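Dear colleague,

I am handing over the structure below, and after it you will find a short account of what came out of the analysis. Please read the two side by side.

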Amino acid sequence: MDIVTIIGQVGFPIAVAAYLLVKFENKLDAFTQAANNLAIKLEAHTDRCLKCREGRPCSACDKN
């Protein structure tokens, strides 16, 4: 087979795969950042007492 024919047949799928990898990488980075932010918020939320988590007035702590 001729090298030009091989590139012509295989080049397009490789280009599409590279494009999709780049797009998925960006989305994966955004997902990772969102998951980290959620973990931080959940950790801060669980540090509060039950009344504070429910939004009720709490005299036991000043985190409200």
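Accessible areas here come from the Shrake-Rupley method with a 1.4 Å probe. On that basis the chain, which is a predicted model, exposes about 5700 Å², and 65% of this area is supplied by carbon and sulfur atoms. Of the 64 residues, 5% count as buried, and the secondary structure of the chain comes to 2 helices and 0 strands.

On the surface there is a nonpolar patch formed by Phe12, Val16, Tyr19, Leu20 and Phe24, which together have about 550 Å² of accessible area. One of these residues, Tyr19, lies in helix 1, which covers residues 3-46.

Turning to the other end of the chain, Ala60 is found in the segment after helix 2, the helix of residues 50-54. Is Ala60 buried or exposed? Its relative accessible area is 74%, and because exposed means over 50%, Ala60 counts as exposed.

Conventions. Residues are numbered from 1 along each chain as its sequence is written. This is a predicted model: local features need pLDDT of at least 70, side-chain atom pairs count only at pLDDT 80 or more; totals for chains, interfaces and linings use all residues. Side-chain values use heavy atoms; hydrogens and water are left out. Helices (H or I, at least four residues) and strands (E, at least two) are DSSP runs, numbered from the N terminus. Buried means under 20% relative accessible area, exposed over 50%, partly exposed in between (1.4 Å probe, protein chains only). Patches are made of residues with over 30% relative accessible area and no salt bridge: like charges are joined within 9 Å, nonpolar side chains (Val, Leu, Ile, Met, Phe, Trp, Tyr) within 5 Å. A salt bridge is a side-chain nitrogen of Lys or Arg within 4 Å of a carboxyl oxygen of Asp or Glu.
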